Amino acid sequence: MTGFIIRRLGQSVIVVLGVTLIVFIMLHLLPGSLARDILGSRATAQAIAQFNHQNHLDQPFVIQYWYFLKQLLHGNLGYSYQFNRSVDSLLATELPRDLVLGGLSLILSLMIAIPVGIAQAVKRNKAGDYVGTGVSFILYSMPQYAIALLLIPQGTSALSMLEHPAGLVLPVASLTLVSFAYFSRYMRSSAIDTLAQDYIRTARAKGLSERLVLTRHLLRNSLIAVVTLVGLSIPVVITGTLIIEQVFNFPGAGLEYYQAALRNDYEVMLGITVLVGVVTVVGNLVADIGYAILDPRIRY
């Protein structure tokens, strides 16, 4: 296990470097000039040249990327000239809200989806299974913004969490419904496959109660498929969901990224994108480690 974790950490570092390089290239390919966007259309050529020199924008691309990596190694995600503050301090204000929003929705969706998926697998092709399948398909096929708009009270505007604690209820409910749909489907499918295994039949043949069979053998082995989804959902927990935050005017990193794209705030866009990339890699690493914990037979 230790050797595997070390190898995966090394691979994760390489992937993160690749993500930062791709994002850095894409943002530099965008039309316009950072100096012109910051200083304004009336800025003189001398002022633009001075700005580019101070920010190493007059250097070759490789040198610019090297300075960017040095900043990242010191925990510096950049500086927003439009807000006149660092991206770190900006995210430090917004990420706790995303942790509450995404964390609550993830926990609630798992608490509902796991027992529902197991119940559907055990009672498959029965009335309850058909009802659960129909509800999951409806929620899964609906766009996130549609669910969010349905939950917004008619004639009222969405409350932000800062204005009233009740403003957190509807965004959490929207994310929970969406997450529940695919978590429950994967849990049902995995549980059906597990029920067909020999060790389940052996456990029942030994006389174990159905409760022990379901909790000791079925649940743990069926969670392997869900672990993958949980690992990939970690970025949503950290940065929230852009659509949900925009609909409910929720002051999180997702809404901030959308607004940064509208005002061409490249530093904020770059910092949030790199953060999401790093968290995604960490989520995959956590999922891989979770496989081995749930099923020691798995080897990499």
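**Figure 1. Packing of helix 7 against helix 8 in the predicted model.** Helix 7 (residues 144-151) packs on helix 8 with the two axes 9 Å apart and at an angle of about 140°. This angle makes helix 7 oblique to helix 8, because only angles over 145 degrees count as roughly antiparallel. The crossing of helix 7 and helix 8 is right-handed. On the helix 7 side, the contact is made by Gln144, Ile147, Ala148 and Leu151. Helix 8 contributes Leu170, Ala173, Ser174, Leu177 and Val178 to this contact.

**Figure 2. Packing of helix 6 against helix 8.** The axes of helix 6 and helix 8 lie 8 Å apart, and the packing angle is about 135°. Helix 6 is therefore oblique to helix 8. Helix 6 and helix 8 cross in a left-handed sense. From helix 6, the residues in contact are Asp129, Thr133, Ser136, Phe137, Leu139 and Tyr140. Their partners on helix 8 are Leu177, Phe180, Ala181, Tyr182, Ser184, Arg185 and Arg188.

Figure 3. Serine 109 has a relative accessibility of 0% and so counts as buried. Leaving out residues up to four places away in sequence, serine 109 touches Thr176, Ser179, Phe180 and Phe183. The C-alpha atom of serine 109 is separated by 8.5 Å from that of alanine 181, and the two residues are 72 residues apart along the chain.

**Figure 4. The largest nonpolar core and the contacts of leucine 218.** The largest nonpolar core has 23 residues, and Phe183 and Leu218 are those with the most contacts inside it. Two or more residues of this core come from each of helix 5, helix 8 (169-195), helix 9 (198-205) and helix 10 (210-239). Helix 8 gives the largest share, eight residues. Apart from neighbours within four places in sequence, leucine 218 is in contact with Ile118, Val122, Ala191, Thr194, Leu195, Ile200 and Val213. Another core, of 22 residues, lies apart from this one and includes Leu77, Val87, Tyr266 and Val274.

**Figure 5. Buried and exposed residues of helix 3, with histidine 56.** Helix 3 spans residues 45-54, and its residues Ile48, Phe51 and Asn52 are buried. These three cover an arc of only 95° around the axis, which means that they lie on the same side of helix 3. Gln46, His53 and Gln54 are exposed residues on the face turned away from the buried side of helix 3. Most residues other than glycine have a negative phi.

**Figure 6. Asparagine 125 in the loop between helix 5 and helix 6.** The loop that holds asparagine 125 runs between helix 5 (87-122) and helix 6 (127-141). The phi of asparagine 125 is near 65°, which is a positive value in a residue other than glycine. Asparagine 125 has a relative accessible area of 52% and is therefore exposed, as the cut-off for exposed is over 50%.

**Figure 7. Serine 12 and its contacts.** Serine 12 belongs to helix 1 (residues 2-28). Its relative accessibility is 9%, so serine 12 counts as buried, the limit being under 20%. Not counting residues up to four places away in sequence, serine 12 touches Val281 and Leu285.

Notes: Residues numbered from 1 in each chain as written. Predicted model: local features only at pLDDT ≥ 70, side-chain atom pairs only at ≥ 80, totals over all residues. Heavy atoms only, no water. Helix = DSSP H or I, 4+ residues; strand = E, 2+ residues; numbered from the N terminus. Buried < 20%, exposed > 50% of the residue type's maximum accessible area, 1.4 Å probe, protein only. Arc of directions from axis to C-beta. Core = buried A, V, L, I, M, F, W, Y, C linked by side-chain atoms within 4.5 Å. Contact = heavy atoms within 4.5 Å. Axes fitted to C-alpha atoms, helices over the stretch in contact; angles between N-to-C directions. Parallel < 35°, antiparallel > 145°, perpendicular 65-115°, else oblique. Left-handed = near helix turned anticlockwise from the far one by under 90°.
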